[in-house]
Amino acid sequence: MHDTWTFSAESPLWDQLGGDGYSLIDAFLSAEEVERSLDLIHRREEEDRFQSAGIGTLGDYQKNRVIRNDYICWLDPSLPDHPLQFFFDRIRELIQGLNRYCYLGLQDFEFHLAYYPAGSYYRKHLDSFRGRHNRIITVVCYLNQHWTRGDGGELVIYPEQGDSIMVEPIAGRAAVFLSETIPHEVLEAHQPRFSITGWLTKTPLGTGFLHQQSL
Ligand code: OGA
Ligand code: MN
């Protein structure tokens, strides 16, 4: 018996992603894994490794901070004995499933830790543009152990068909969606909000994507 998500042909994920373009997996991480992830976040915070997420994308810092004002710290899965090894293993399993049941041909992934201080948000956006073909699937794993309604920071997903979906960023839950076609946003957080966020890609990334400070 597993208490976290494991690769299985019966998982509703494959059909939901193909049909609606998104899926939620509760207990993608166990309570203990959430704890370990938060430990790493706090360590990286103490080491001052988080950077404002607006930097290094469009080159227009002010404008970027209007679109999003969270903080991120890139992860390097090639670090020996990485404290999030269990997480990378689960992501590799997820990739295997997506390739087997959704024929996505995914080859690699890139993830960062994300920290939204109270007052932070990320306006409606897409993670990738059609035609560029790099980021195919977005995965956001939430680490908010004491999240309660009113804390804000919900993910809003806008599927191609039907009403928008509000996702509460509760610990252990993963939101998985198509990076190129599903617009989404993060509503203003009223409490500090933590996640591991990243992308499954069609092309191998090597290490070129890593920022100098990444870990
Ligand atoms: C992102 C993003 C969603 C979330 O980082 O691109 O959309 O719920 N994150 O944190
Ligand atoms: Mn996004």
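Arginine 100 lies in helix α4, where helices (H or I, at least four residues) and strands (E, at least two) are DSSP runs numbered from the N terminus. Arginine 100 is exposed, with 12 other C-beta atoms within 10 Å; a residue is termed buried if 20 or more other C-beta atoms lie within 10 Å of its own, exposed if 12 or fewer, and partly exposed in between, with C-beta atoms placed from the backbone. The C-alpha atoms of arginine 100 and tryptophan 14 are separated by 9.4 Å, although the two lie 86 residues apart along the chain.

The structure is a predicted model, in which local features need pLDDT of at least 70 and side-chain atom pairs count only at pLDDT 80 or more, while totals for chains, interfaces and linings use all residues. Residues are numbered from 1 along each chain as its sequence is written, and chains are lettered from A and ligands numbered from 1 in the order in which they are written. The pLDDT, which is the predictor's confidence in each residue on a scale from 0 to 100, averages 90 over the chain, and 87% of the residues score at least 70. Over residues 208-215 the pLDDT stays under 50, and for this stretch the model has 15 contacts beyond four places in sequence, a contact being a pair of residues whose C-beta atoms, placed from the backbone, lie within 7 Å. Where pLDDT is low, the predicted coordinates should not be read in detail.

The chain has 4 helices and 11 strands, and buried residues make up 34% of its 215 residues. Of the contacts in the chain with a separation of 6 or more, 78% are accounted for by residues 24 or more positions apart.

An open sheet is formed by 7 strands in the order β1-β9-β6-β11-β4-β3-β2, with antiparallel pairing; two strands are taken to pair if DSSP finds at least two bridges between them. β1 (22-25) and β2 (51-52) stand at the edges of this sheet, each with a single partner strand, so one side of each is left without a neighbour in the sheet. The partner of β2 is strand β3 (residues 71-74), to which β2 is joined by 2 bridges in an antiparallel arrangement, and glutamine 51 has isoleucine 72 in β3 as its bridge partner. Helix α4 (residues 85-102) packs on the sheet, where it touches β4 (108-116), β6 (135-142) and β11, and its direction makes about 40° with that of β11, axes being lines fitted to C-alpha atoms, for helices over the stretch in contact, and angles running from 0 to 180 degrees between N-to-C directions.

β6 is mostly covered, with 8 of its 8 residues buried. β6 pairs with β11 in the antiparallel sense over 7 bridges, and tyrosine 142 stands opposite serine 195 in β11. The pairing of β6 with strand β9 (residues 174-178) is likewise antiparallel and comprises 5 bridges, with phenylalanine 177 in β9 as the bridge partner of threonine 138.

Phenylalanine 87 also lies in helix α4, and counts as buried with 22 C-beta neighbours inside 10 Å. When residues up to four places away in sequence are not counted, phenylalanine 87 touches Ser37 and Ile196. Most residues other than glycine have a negative phi. Aspartate 81 counts as exposed with 5 C-beta neighbours inside 10 Å, and tyrosine 103 counts as exposed with 9.

A further open sheet, of 4 strands, has the order β5-β10-β7-β8 with antiparallel pairing. β5 (122-125) and β8 (165-167) stand at its edges, each with a single partner strand, so one side of each is left without a neighbour in the sheet. Strand β7 (residues 155-157) is joined to β10 by 3 bridges, the two running antiparallel, and isoleucine 157 stands opposite histidine 184 in β10.

The residues around ligand 1 are Ala114, Tyr122, Asp127, Val140, Leu155, His184, Val186, Ser195 and Thr197, a residue being near a molecule if its C-beta atom, placed from the backbone, lies within 6 Å of it. β10 (184-186) and β11 (193-201) each supply at least two residues of this shell.

Definitions and conventions. Two residues are in contact if their C-beta atoms, placed from the backbone, lie within 7 Å.
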